[in-house]
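Reader: I would like to go through this model with a few questions on its strands, its domains and its chain interfaces. Please show it here before we start.

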Amino acid sequence: MSTLFFIFIGALLVNNFVLVRFLGICPFLGVSRQLETAVGMGMAVTFVMTLSGIVTWVLQHYVLSPFGLAFLQTLLFILVIASLVQFVELFLRKMVPVLYRALGIFLPLITTNCAILGLALLVAQREYDLIQTVIFAVGAGLGFTLALVIMAGIREEMQFAPIPESLQGAGIALITAGLISIAFSGFAGLVPM
Amino acid sequence: MSNSLRMVIVLTITAMLSGLVLSYAYEAANTYIQRNEEAKLRLVILDVLPGAETYETLASKTQPEIPEDDVTLSEAPPTQQLIPVYRGLDKNGKEVGLAFIVENPGYGGLIRFIAGIDTRSNTLTQIQILEHKETPGLGSKIADAPFREQFSGKSIADPFVVGQDVDGISGATVSSKAVTDGLRTTIQEVMKRHGKRG
Amino acid sequence: MVFNLVKDFWNGVWDENTIFKLQIGMCPTLAVTTSAQNGLAMGLATTFVLVCASTLVSIVRKLVPKEVRIPVYIVIIATFVTIVDLFLKAGFPDIHAVLGIFIPLIVVNCVILARAEAFAGKMPVHRAASDAFGFGIGFMVALLVLGSIREILGMGTWFGMQVMPANFVPWSIMVLPPGAFISLGFVVGAVNLISRRSAAGSRSS
């Protein structure tokens, strides 16, 4: 039980996907201008991440490892993630229109979000079991959301700040991310890894 | 119809070609990858066992001991692990020492290091850090000479406690303790299994 | 003709530099630039994949039906990424260990798919290759610059050689995650300043 808790906290705070592992930086900088869209993107990523974590885990354990095909990992994982995203989009549009309206516009962006593939690769590397994988994926997804929400909150305030012209946009966003990352480094050592 | 057929054909051919290319690439690379790993291991083993010309691999079953003061780990089930032990032999085939790999969680992740015991004098020859994820500038100093060298020549019967017989790295107690704790327990195990009796 | 190729090349190196100007492909940029050597290695690996993938995409562009082009591109990119992964593991195990999962993650570096989709899929082979080469070099230069800054300030060395005076106290934070964000932020700001100055200069003259 405690192992699962540590995996969760580790993915959420200590090794935050965005701020410590540098996975999913593109949406982190691109979709963090408004709080509302940040939450939507975060939820969409968490959802797809958990789903793709499960699917790639099954593939790793029942196809790649038994047949010694580990070298096809990258190819297979990215294809699975790309088709999964398409499928989720179709499914949501038909079956859960409410959710589709909230998350739909973020889904096409998710295929090239390296956090999704990164999670699948990390899970395979660490040889997690299925429950650990789910916990890890949920923690990582919520950690991504948390980073995005913090960033969006700060950026909304920053709109009216007198920022040097050259640093406007990406420059100040990166420096802000650095300061948040310093705050998050305070979580290091919170759980035994 | 012909269009969708063409799509299927193109996708199939692409996937097959890719699979073919990759399996060839894998075959070609794999020999080198294995040779690299063996060469690397060989180098460190002979490095920590001065005087050794060759070595043989012995398997050792150990049950990692749970430190009493570490309540957080007490719920984790004890796992049976096979750790390899390497017996270094000189050119006459006589044993000069034992080398073994220790894995213990530190501050940022697993610390992996190799240690050598001179079995004629029952002292440590040296330790070498193979892998760690400790904080650069603090815990990463476990891989630096001042910390590592204090183990060279120590008797294997020493307590290996930070603050007593081992100087820890200031600001990185967890990393230092991970090395000493791992070393202490593994030495006991290795000597119990493979040490000369009597 | 030659002029066109040079223009395609320079576009990727400076005008549309992925890191400095477009801010895409940031994950590996931040993650592996703890030293100049790592930045250079990652840059070379990405350039190789980018050039090979763009060239191949351009060669097969008339054979692939429009509807399935994206999956075909992804398979092509993933194949070259795996080849690089195996090559580094076989030839340069130390670098492979440091770059870790960021080698397979080259697959989702948006730059590669973006160039395949926006340029290589429509252009003849030589232009696709020179465009890809430009973007690759631009990416590599960005990683090298960032890696150098972080290594010099964070460890006092450059490519492993001591370059700072002996009494220099390394700023450890530069090689930690926050240092990556902060130094890239300032580099992006500096590049903006330079482009702004040169744009203003060419306008007034």
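Reader: How many bridges join strand 4 of chain B to strand 5 of chain B?

Author: This is a predicted model. Strand 4 of chain B covers residues 110-118 and strand 5 of chain B covers residues 123-131. The two run antiparallel, and the number of bridges joining them is 6.

Reader: Which residue takes a positive phi in the hairpin of strand 4 of chain B and strand 5 of chain B?

Author: The hairpin has 4 residues between the strands. A positive phi near 50° is found there at Asn122(B).

Reader: What distance separates the centres of domain 1 of chain B and domain 2 of chain B?

Author: The domain assignment gives domain 1 of chain B as 1-38, and domain 2 of chain B as 49-64 + 79-194. Taken over C-alpha atoms, their centres are separated by 43 Å.

Reader: How many salt bridges does the rule find across the interface of chain B and chain C?

Author: In this interface 19 residues of chain B are in contact with 21 residues of chain C. The two chains bury about 1,600 Å² between them, with 78% of it on carbon and sulfur atoms. By class, the side of chain B that touches chain C has 11 nonpolar, 6 polar and 2 charged residues. Residue pairs in polar contact, both at pLDDT 80 or more, number 4, while the count of salt bridges is 0.

Reader: Which three residues supply 22% of the area that chain A buries against chain C?

Author: Contact between these chains involves 38 residues of chain A and 36 residues of chain C. Chain A and chain C bury about 3,000 Å² between them, and carbon and sulfur atoms carry 83% of it. The three residues that supply 22% of chain A's part, more than any other three, are Phe22(A), Ser166(A) and Leu174(A).

Reader: Which side chains meet in a salt bridge between chain A and chain C?

Author: Across this interface the rule finds 1 salt bridge. At 2.9 Å, N to O, the partners are Glu165(A) and Arg196(C).

Reader: Which helix of chain A gives the most to the side that touches chain C?

Author: The rule finds 1 residue pair in polar contact here, both at pLDDT 80 or more. The elements of chain A giving two or more residues to this side are helix 2 (25-30), helix 4 (73-95), helix 7 (114-126) and helix 9 (170-185). With 9 residues, the helix that gives the most is helix 9 of chain A.

Definitions and conventions
Residues numbered from 1 in each chain as written. Chains lettered and ligands numbered in written order. Predicted model: local features only at pLDDT ≥ 70, side-chain atom pairs only at ≥ 80, totals over all residues. Heavy atoms only, no water. Contact = heavy atoms within 4.5 Å. Buried area = accessible area lost by both parts, 1.4 Å probe. Salt bridge = Lys/Arg side-chain N within 4 Å of Asp/Glu carboxyl O. Polar contact = N/O pair within 3.5 Å; in protein donor to acceptor, adjacent residues only side chain to side chain. Nonpolar A, V, L, I, M, F, W, Y, C, P; charged D, E, K, R; others polar. Pairing = 2+ DSSP bridges. Domains from an automatic or database assignment.
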